[in-house]
Amino acid sequence: MLINVQGPLNIILNRALLNMSGFKKLRQSHKKIITIITSLTLLYIISACTGIQTANVDYFADNGTGNSLAIVQNPAGIYHKGITYVSYQGPFEDPYIASYNHKTGEWLGPFRAGTSELGRREGRTKFDNHGKPTLLIDDDGYIHVYYGGHGGDKHHGTNTLGNIHHGANKNSISKRPLDITEWDEVDNISVFGTYNQAIKMDNGDIYLFYRHGAHRSDWVYQKSTDNGRTYDAPVSFLKHKRRTDLDAVDSWYAWAVKGEGNNIIVGFDYHLCWDGRAEPSGRGHTTERHDAHFMSFNTQTGEWTNVQGDLLNMPLNREEAEQKTLAASTGDMWTFNGSVKLDSEGHPHIATNYGVDLGKKTGGPKLTHHLRWNGSDWSQPTTVNGKISGESRGDFTVSSSSNIEFILSDNDGTDATITRWVSDNGGKSFSKKDELLRRPSSTFAVSSLIENSHPDARLIVAERSRLTPHRKIYLVGDNGPLGRLLQDATLEKDSSVFVSKIK
Ligand code: ZN
């Protein structure tokens with residue numbers, strides 16, 4: 001501040017004031033510099049002691065695209081010989097693969113493992129979101145990734161097992177064993193597939209389960225006995241069929257995984273696929289789904305059985321499913337199927353999500369429930385997080401018939417959370433064990449649990465925001481997320497779809 005005075009006194013006074021303020025400024029800037037140096041030194045000492053310098057951010061990639069992950073594409077991650085391999089849908093809905101070395105703490109990738117038709121289709125105005133990859137490591141160590149299909153496109157011709165939509169189901173194989181840096185696209189599976197689930201049996205045989213087309217299609221598997229180089233023709237196990245009593249088609253959503261020995265177990269729910277105009281509430285085609293079913297496939301005999309061991313006619317139709325495979329009837333509630341596991345007694349446990357139909361195209365929010373077979377009956381489903389309504393998704397492990405552990409994607413107010421829930425009474429009740437990740441003003445999409453998972457890397461999580469189609473991708477374990485340097489997690493993104501078109 002200068003004082004307005006006249007004459008020589010003016011000059012003397014103003015100089016004095018200038019000197020004073022200059023001195024003050026100098027002192028302030030010195031203070032600032034000292035504070036910055038002290039903070040930097042402290043940060044350096046802390047990071048050197050804790051290893052924080054290798055984890056500037058707690059996500060490993062920021063180029064996840066749209067709905068980058070889901071439980072149905074299983075597995076999206078595999079732990080193998082000290083390394084966790086992870087995958088997600090990235091730019092142009094292509095499959096992206098990264099790996100984390102648990103011994104050295106080093107990340108590699110992500111690398112683009114193939115080219116999806118979905119992200120490059122003509123007239124594309126929004127994400128299709130069926131590009132999500134599924135991983136498998138064969139007995140020679142080659143890594144396989146299945147991706148990019150949503151029922152096949154018109155240019156693929158006729159789908160003899162159902163209808164079509166978009167994309168092409170594809171398979172890429174790593175050029176070298178356990179090396180994610182380079183990939184070959186291999187034309188060896190049906191382009192009509194979607195929702196891939198890849199299973200390797202103890203003898204090395206590979207089974208690829210998927211829906212063979214859009215909503216009105218059979219669910220099938222393809223078998224390979226040469227480490228996934230070639231596959232037998234698709235075999236239907238769930239039949240789509242026009243109803244005679246309603247203007248709708250029977251349809252299904254399934255989740256398959258290796259059971260005991262030579263068995264594969266399958267959990268599934270029923271989709272009532274309305275002809276648009278016939279839907280009773282005038283909503284048109286909806287995602288109306290109901291109930292929880294279970295069955296088992298003996299890969300040696302080729303026989304399918306229900307939980308009591310009764311033989312099933314294949315491909316299974318709705319009438320027989322209602323009689324023989326029903327584990328839980330959800331009545332008017334709408335479902336979204338989850339995973340299925342066997343306990344130490346060989347009894348199946350099912351995770352399924354359901355909630356009240358609130359009149360939306362997707363019904364309403366759905367909560368994760370658990371039920372199990374006790375040897376003679378299915379238990380009543382229990383909500384894992386104890387809430388009455390709301391949205392959650394998750395996968396689980398069972399160490400015995402009574403000890404169950406879920407990792408749930410949930411919300412606490414407007415915060416997205418990943419929490420662990422345990423039951424020691426066979427799923428009668430669950431209690432919250434700990435929180436593994438929390439982010440404000442977002443929701444999480446989660447993978448199924450990583451196959452053969454390391455405790456530090458249980459699942460893959462995508463952070464969804466309404467403001468951007470780009471997703472931060474986390475690898476989350478019992479101690480929270482495994483991060484990396486910001487510069488390594490900052491990747492090229494897909495800017496071809498406008499934010500207003502996010503879906
Ligand atoms: Zn449908």
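How many bridges join β16 to strand β17 (residues 289–298)? Eight bridges join them, and the two strands run antiparallel; the sections below set this pairing within the predicted model.

## Basis and overall content

This is a predicted model, in which local features need pLDDT of at least 70 and side-chain atom pairs count only at pLDDT 80 or more, whereas totals for chains, interfaces and linings use all residues. Residues are numbered from 1 along each chain as its sequence is written.

The protein chain holds three helices and 31 strands, where helices (H or I, at least four residues) and strands (E, at least two) are DSSP runs numbered from the N terminus. Of its 503 residues, 47% are buried, a residue being buried if 20 or more other C-beta atoms, placed from the backbone, lie within 10 Å of its own, exposed if 12 or fewer do, and partly exposed in between. Contacts are counted where the C-beta atoms of two residues, placed from the backbone, lie within 7 Å; among those between residues at least 6 apart in sequence, 56% join residues at least 24 apart.

## Confidence

The mean pLDDT (the predictor's confidence in each residue, from 0 to 100) is 90 for the protein chain, and 88% of the residues reach 70 or more. Over residues 1–26 the pLDDT stays under 50, and the model has six contacts beyond four places in sequence for this stretch. Residues 43–53 also have pLDDT below 50, with three contacts in the model beyond near neighbours in sequence. Where pLDDT is low, the predicted coordinates should not be read in detail.

## Strand β16 and its partners

Strand β16 (residues 263–274) is largely enclosed by the rest of the structure, because ten of its twelve residues are buried. Strands count as paired if DSSP finds at least two bridges between them. Strand β15 (residues 248–258) is joined to β16 by eleven bridges in an antiparallel arrangement, with Ala248 standing opposite Trp274. Four residues lie between the strands of this hairpin, and Gly261 takes a positive phi near 55° there.

## Nonpolar cores

A nonpolar core is a set of buried Ala, Val, Leu, Ile, Met, Phe, Trp, Tyr and Cys residues joined through C-beta atoms within 7 Å. The largest one has 99 residues, of which Phe60, Leu208, Ala254, Val266, Ile460, Val461 and Leu475 touch the most other members; its largest share, six residues, comes from β15. Leaving aside neighbours within four places in sequence, Val266 is in contact with Ala254, Trp255, Ala256, Met295 and Phe297. Another core, of five residues, lies apart from the largest one and includes Ile164, Val191, Phe192 and Ala214.

## A four-stranded open sheet

An open sheet of four strands has the order β6-β7-β8-β9 with antiparallel pairing. Its edge strands, each pairing on one side only, are β6 (134–137) and β9 (179–186). Strand β6 is joined to β7 (residues 143–150) by four bridges, and within this pair Leu135 has Val145 as its bridge partner.

## The surroundings of Gly394

Gly394 lies in strand β24 (residues 393–398) and counts as buried because it has 26 C-beta neighbours inside 10 Å. Not counting residues up to four places away in sequence, Gly394 touches Ala351, Thr368, Val384, Phe406, Ile407, Leu408, Ser409 and Val446. Ala445 is 51 residues from Gly394 in sequence, while their C-alpha atoms are 9.5 Å apart in space.
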